[in-house]
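Please open the model in your viewer and keep the sequence panel beside it. The stops below are meant to be selected one after another.

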Amino acid sequence: MESSNSDKIPSGKVSDYDRKTELKFFDDSKLGVKGLLDAGLTKIPRMFINDQHKTHTNPVSQASPEGVPIIDFKGIDKDAVLRSQIIKKVGEASEKWGFFQVVNHGIPESVLNAMIDGVRGFHEQDDETKKVWYSRDSQTKVRFSSNFDLYKARMANWRDSLSCLMAPDPPLPEQLPAVCRDIVMEYSEQVVKLGLTLFQLLSEALGLHPNHLKDMGCAESILILGHYYPPCPEPQLTLGTSSHTDPDFFTILLQDQIGGLQVLHEDQ
């Protein structure tokens, strides 16, 4: 590995590669992936090299011709017939895809853009300010980290994350980073409203009472993850997010204009 500082993580090409030492050095820096980039890194450390991704030379198959389902929520609370049609679409998309895009969901575009800017602002602030938030304690309500499974996964992802547990016991305003405090609270309130709507639609799509999933406690916990993917000097060797299934009931995803999201559908 090449770097502007000789004290950085040793090259992953040596025969006596010590993964545990490399992981600990990276973790102890409390600077995440962006810290490596800021140090002038030109080759990624071995801990990030994804052999499966590196050796996969076939182009990614396109999704089915119809593409990811897009469901329009406009008028959902004003027209019973329209609502029943939306419920049907949500049920079909959930069963066949497990993923769908929502438009006219009620969250102002200004809030969405401000949230993206807020997450970027947190990750791009100065090192000493950001390091204060670094933690691997999953019980900490608000924390900055890189790869929650750093010491368990076969390879690390090229990604840093800001994690905010906003329910059932939300942090106090002063427990949130000042650079994104207001927008995280606003975005959280907006997502709660959308989330409750989705729980109602899913309940009705299953033929249940609209409040069934909510009454089961499915809507009690809200975790906001603000991921940041710095430019990678060797993008062909690693991934920002490896293949996975989220461990929650459902995820509401806000993606910036860079894109890159892939969804597995019918093994493609």
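**Before selecting anything.** This is a predicted model, in which local features need pLDDT of at least 70 and side-chain atom pairs count only at pLDDT 80 or more, while totals for chains, interfaces and linings use all residues. Residues are numbered from 1 along each chain as its sequence is written, and side-chain values use heavy atoms, with hydrogens and water left out.

**The whole chain.** Colour by secondary structure to see 8 helices and 5 strands, which are DSSP runs numbered from the N terminus (helices H or I, at least four residues; strands E, at least two). From the N terminus on, their order is α-α-α-β-α-β-α-α-β-β-α-α-β. Of the 268 residues, 34% count as buried, meaning under 20% relative accessible area with a 1.4 Å probe and protein chains only.

**The largest nonpolar core.** Select Phe-73, Cys-164 and Val-184, which touch the most other members among the 36 residues of this core; a nonpolar core is a set of buried Ala, Val, Leu, Ile, Met, Phe, Trp, Tyr and Cys residues joined through side-chain atoms within 4.5 Å. Helix H7 gives the largest share of this core, 9 residues. Now centre on Val-184 and, leaving aside neighbours within four places in sequence, look for its contacts (heavy atoms within 4.5 Å) with Met-115, Cys-164, Met-166, Leu-176 and Ile-224. A second, separate core has 12 residues, among them Ile-44, Met-47, Ala-156 and Trp-158.

**Helices H4 and H7.** Select residues 80-96 for H4 and 181-205 for H7, which pack at an angle of about 80 degrees with their axes 8 Å apart. That makes H4 roughly perpendicular to H7, a term that covers angles of 65 to 115 degrees. Show side chains for Arg-83, Ile-86, Ile-87, Val-90, Gly-91 and Ser-94 in H4, which meet Gln-200, Leu-201, Leu-202, Glu-204 and Ala-205 in H7.

**Where to be careful.** Finally, colour by pLDDT, the predictor's confidence in each residue from 0 to 100; the protein averages 90, and 89% of the residues score at least 70. Residues 1-14 stay under 50, although the model has 30 contacts for them beyond four places in sequence. Residues 55-65 also stay under 50, with 6 such contacts. Where pLDDT is low, the predicted coordinates should not be read in detail.

How values were computed
Axes fitted to C-alpha atoms, helices over the stretch in contact; angles between N-to-C directions. Parallel < 35°, antiparallel > 145°, perpendicular 65-115°, else oblique. Buried < 20%, exposed > 50% of the residue type's maximum accessible area, 1.4 Å probe, protein only.
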